[in-house]
Amino acid sequence: MNWIVCRVNRTRGAISGWLLRAPRSRAILAAVRLKERLAFWRQSQHQFESTGAIQPSSRFLARAMTEPLRLERGADPVRVVEMGPGTGAVTRVIATALRSHDHLDCVEINPEFARYLRELIDRETAFDGARERIDVHVGDAREIRLAGHADFVICSVPLNNLPVEAASAILASGVELLGGHGWFTYFEYVGLPRLRKVTAPTTERDRLDGVRAAKAAFAAGRARSRIVWRNLPPARAVHVLVD
Ligand SMILES: C[S@@+](CC[C@H](N)C(=O)[O-])C[C@H]1O[C@@H](n2cnc3c(N)ncnc32)[C@H](O)[C@@H]1O
């Protein structure tokens, strides 16, 4: 009888402990996401051209961006390069997909974002077990060179905001980092370039057409893509098999 009472009390204790903890952890998570949004928004006000958005990608887009990493790797350890991690929305999904010998290099041009990301990696549980295998580099994704080659490049750099030559240089840098073989993933907001073209002056329209042509040439015959509606704005994740 004592044993039964003891079990019931322990079970009750465990349930009430969980009930107390669950809302608190949800509140903490909401606070972390809010902080992330604010940090992102602040940078977008100062550096809109390079930030290219006013809020971080959704977890649905982040998951779509990591599809080749999760589905196309073999048993050997892989190396991932993330271009433009910002406040880490995609980074945390990459981190949870990393296995014990995989490695991630994040290349971020904005030092404020890089600082924020380093702190996030240090403290957030999503990075437990992976943080020792993640390096954050402050620099331009067009110029970064790493020892050895990557297997996956996951790029959130806003190609549609860049001059045509800069967008082409990002794609070329990805191919170089992959050593000519691997998956290059990027995203683009659905419909936005077309909308921008309606109001833009001719030079801006030419630039947008140029970037679109560069991406189309890069992806031709070797890409698959998926629209993610649960992102603001909806976005298309494009996966290009470089070979
Ligand atoms: C649209 S935000 C994406 C941030 C984050 N990956 C996400 O999905 O929420 C673009 C990011 O690319 C970075 N960026 C822009 N140009 C870059 C470049 N040439 N090299 C490296 N990072 C760049 C920006 O600072 C910003 O963090």
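**Strand pairing**

A: In this predicted model, strand β5 (residues 182-189) and strand β7 (residues 235-242) run antiparallel and are joined by 8 bridges.

Q: How many bridges join strand β6 to β7, and in which direction do the two run?

A: Strands count as paired if at least two bridges are found between them. Here β6 (residues 223-228) is joined to β7 by 6 bridges, and the two run antiparallel. Ser-225 has Val-238 in β7 as its bridge partner.

Q: How many residues lie between β6 and β7 in their hairpin?

A: The hairpin of β6 and β7 has 6 residues between the strands. The loop between them contains Pro-233, and the peptide bond leading from Leu-232 to Pro-233 is cis, with omega near -5°.

Q: What span does helix α6 reach, and what is expected for it?

A: The expected span is 1.5 Å times one less than the number of residues. Helix α6 (residues 111-123) has 13 residues; from first C-alpha to last it reaches 19 Å, close to the expected 18 Å.

Q: Which residues of α6 are buried, and why do they line one face of the helix?

A: A residue is buried if 20 or more other C-beta atoms lie within 10 Å of its own. In α6 this applies to Phe-113, Tyr-116, Leu-117, Leu-120 and Ile-121. Seen down the axis of α6, these buried residues fall within an arc of 135°, so they line one face of the helix. The face turned away from the buried side carries Pro-111, Glu-119, Asp-122 and Arg-123, which are exposed.

Q: Which residues are closest to the ligand, and how many surround it?

A: The ligand is surrounded by 23 residues, the closest being Pro-56, Ser-57, Gly-84, Gly-86 and Ser-156. The elements giving two or more residues to this shell are α2 (48-51) and β2 (103-108). By residue type, the shell divides into 12 nonpolar, 8 polar and 3 charged.

Q: What do the totals for the protein come to, in helices and strands?

A: The secondary structure comprises 9 helices and 7 strands. Along the principal axes, the C-alpha atoms fill a box of roughly 80 × 45 × 30 Å. Of the 243 residues, 35% count as buried. Among contacts between residues at least 6 apart in sequence, 75% join residues at least 24 apart.

Key:
Residues are numbered from 1 along each chain as its sequence is written. This is a predicted model: local features need pLDDT of at least 70, side-chain atom pairs count only at pLDDT 80 or more; totals for chains, interfaces and linings use all residues. Helices (H or I, at least four residues) and strands (E, at least two) are DSSP runs, numbered from the N terminus. A residue is near a molecule or strand if its C-beta atom, placed from the backbone, lies within 6 Å of it. Ala, Val, Leu, Ile, Met, Phe, Trp, Tyr, Cys and Pro count as nonpolar, Asp, Glu, Lys and Arg as charged, and the others, Gly among them, as polar. A residue is buried if 20 or more other C-beta atoms lie within 10 Å of its own, exposed if 12 or fewer, and partly exposed in between; C-beta atoms are placed from the backbone. The arc is that of the directions from the helix axis to the C-beta atoms. Two residues are in contact if their C-beta atoms, placed from the backbone, lie within 7 Å.
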